[in-house]
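Subject: Structure for you to look at

Hello,

Here is the structure I said I would pass on. My notes on it follow below.

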Amino acid sequence: MFKYLLLKVIYDLSDVDVVERSKYDMSFKYFLDMEPEEAVIEPSSLTKFRKLRLKDVKILDMLLKKSVEIALEKGVIKSHSIIVDATHTRARYNQKSPREALMNQSRKVRKAVYQVQEGMKERFPIKNTTNQLEEEFRYCEALIEIIENDSSLSAYPKVKEPLNLLKEMVEDDLENL
């Protein structure tokens, strides 16, 4: 499960999409120590694991620490000190607010849709300009509904993956509220 979550974060995918991609992407199968014909897990199992077992950030730190220990034991890492270039990492103290995260993901969804069908600009709801999280939820839900109702758009993986991640983010944020 930890490896699935690692792939999810690295490739910025939803639970559903990381499991779907694990079905056919041989690099994912290799990373997950799976045979090419081996079946993958159910996306709901990954969601349950993420929501129920990894609530505490300290568990994730413990898993990373254990991963480094195993790498040291196996000789993958030769040194006992690790130098990390953190230029592009997300720091815990500098996390985006739920509203900012939703805004960024909805922007990615719109950008993916525009690449496929630029004429959709007129059909999309008016962007939220307030600082209210509830208004951002309404905007995202309206955006999701419009795209899902257009079956030609939601069939494109380029649109489907960011859309699934936006849906997951909305569900998670609503659940946390």
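This is a predicted model: local features need pLDDT of at least 70, side-chain atom pairs count only at pLDDT 80 or more; totals for chains, interfaces and linings use all residues.

The biggest contributor is α5, with four residues. By type, the lining splits into eight nonpolar residues, one polar and two charged.

Helix α7

Helix α7 covers residues 133-149, which is 17 residues. From first C-alpha to last, α7 reaches 24 Å, close to the 24 Å expected at 1.5 Å a residue. Its buried residues are Leu-133, Glu-136, Phe-137, Tyr-139, Cys-140, Leu-143, Ile-144, Ile-146 and Ile-147. An α-helix has 3.6 residues a turn, so residues three or four places apart point the same way. The cover over the buried residues of α7 includes α6 (98-116), α8 (151-154) and α9 (157-176).

Leu-133

Leu-133 lies in α7. Is Leu-133 buried or exposed? Leu-133 counts as buried because its relative accessible area is 17%, and the cut-off for buried is under 20%. Leaving out residues up to four places away in sequence, Leu-133 touches Pro-98, Arg-99, Leu-102 and Leu-177. Met-103 is 30 residues from Leu-133 along the chain, and their C-alpha atoms are separated by 9.9 Å.

The nonpolar cores

The largest nonpolar core has 22 residues, of which Leu-102, Val-113, Ile-147 and Leu-166 touch the most other members. The elements giving two or more residues to this core are α6, α7 and α9, and α7 supplies the largest share, eight residues. Another core, of twelve residues, lies apart from it and has Leu-7, Phe-28, Val-40 and Phe-49 among its members.

Which residues does Leu-166 touch, not counting residues up to four places away in sequence? They are Leu-102, Gln-105, Ser-106, Val-109, Cys-140, Leu-143 and Ile-144.

Regards

Technical notes
Residues are numbered from 1 along each chain as its sequence is written. Side-chain values use heavy atoms; hydrogens and water are left out. Ala, Val, Leu, Ile, Met, Phe, Trp, Tyr, Cys and Pro count as nonpolar, Asp, Glu, Lys and Arg as charged, and the others, Gly among them, as polar. The expected span of a helix is 1.5 Å times one less than its number of residues. Buried means under 20% relative accessible area, exposed over 50%, partly exposed in between (1.4 Å probe, protein chains only). Contact means heavy atoms within 4.5 Å. A nonpolar core is a set of buried Ala, Val, Leu, Ile, Met, Phe, Trp, Tyr and Cys residues joined through side-chain atoms within 4.5 Å.
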